[in-house]
Amino acid sequence: MSRLLSQISLPRRYSSCAVVGNSGILLRSEHGRLIDSHEAVIRLNNARSAGFGRHVGEKTTIAFINSNILHLCARREGCHCNPYGDAVPIVMYMCQPIHFVDYAVCNASHRESPIVVTDPRFDVLCARIVKYYSMRRFVGETGRDVGEWSAAHDGQMFHYSSGMQAVMLAIGVCEKVSLFGFGKSEGAKHHYHTNQKAELSLHDYEAEYDLYGDLVERPEAIPFLSESGFTVPPVVIYR
């Protein structure tokens, strides 16, 4: 894990990190000052903070996006893909090989802080962990054979969320990690900054929430991480 994350060219390690998810539950609390008190704040997929400061804070240290976001930005003149300012590093994982074209075009315009692509081995690690938790939940809830999981979860399209990989990034580069905006509740919007209510079917958010619970309470139980000897830093989840 540490070796994979060393490929990500961030300025340094951080004493504390807040990973700010995009769930609508953020609007039910006023964690803005607490979020901004962390040395580093990681935001997802260019979610707006302007106008939501008391709920989500205003500080941004790292922008974590998936390449679908970059693909949309690349169509703009000048490829202005970072709403947090050109000095904020962008870390991105590739959703589709064709997006490497967008990366090549946009990276040339981000001279002050180049776009960094996650190591494919790190992507595979995240995929394996989420698939494990999804399969475990499927078998536990349905009592069906694990071989039936793929049909139930559209196995070919199944993928971890941007938030999950940002959390994995944080535990690799931060001494303490706080999670905000990860979860859902009745009546809350899917994203705090949009009107989207439906979840994407290619993600198993409930399985990812199980993972976050283990990061807090039982990090030694997380497969692949425990086998590598990686030590998970203290993790706290704020609702």
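## Basis of the description

Axes are lines fitted to C-alpha atoms, for helices over the stretch in contact, and angles run from 0 to 180 degrees between N-to-C directions. Helices (H or I, at least four residues) and strands (E, at least two) are DSSP runs numbered from the N terminus.

The model is predicted: local features need pLDDT of at least 70 and side-chain atom pairs count only at pLDDT 80 or more, whereas totals for chains, interfaces and linings use all residues. Residues are numbered from 1 along each chain as its sequence is written, and side-chain values use heavy atoms, with hydrogens and water left out.

Helix α6 (residues 120-142) packs on α8 at an angle of about 115 degrees, the axes being 11 Å apart. This crossing is right-handed, meaning that the near helix is turned clockwise from the far one by less than a right angle. F122, D123, C126, I129 and V130 of α6 make the contact with M164, Q165, M168 and L169 of α8; contact denotes heavy atoms within 4.5 Å.

The axes of α6 and α9 come within 8 Å and cross at roughly 110 degrees. The two helices are therefore roughly perpendicular to each other, a class that spans 65 to 115 degrees. On α6 the contact involves I129, V130, Y133, S134, R136 and R137, and on α9 it involves E206, A207, E208, D210, L211 and D214.

## Packing of α8 against α9

Helix α8 (residues 162-173) and helix α9 (residues 205-217) have axes that come within 11 Å and cross at roughly 15 degrees. That makes α8 roughly parallel to α9, the term for angles under 35 degrees. Their crossing is left-handed, with the near helix turned anticlockwise. G163, M164, V167 and I171 in α8 meet E208, L211, Y212 and L215 in α9.

## Salt bridges

A salt bridge is a side-chain nitrogen of Lys or Arg within 4 Å of a carboxyl oxygen of Asp or Glu. By this rule the count is 10. One pairs E175 with R13, whose closest N and O atoms are 3.1 Å apart. E175 lies in the loop between α8 and β6 (177-180) and R13 in the loop between α1 (2-5) and β1 (17-20), so the pair ties together parts 162 residues apart in sequence.

Note on methods:
Parallel < 35°, antiparallel > 145°, perpendicular 65-115°, else oblique.
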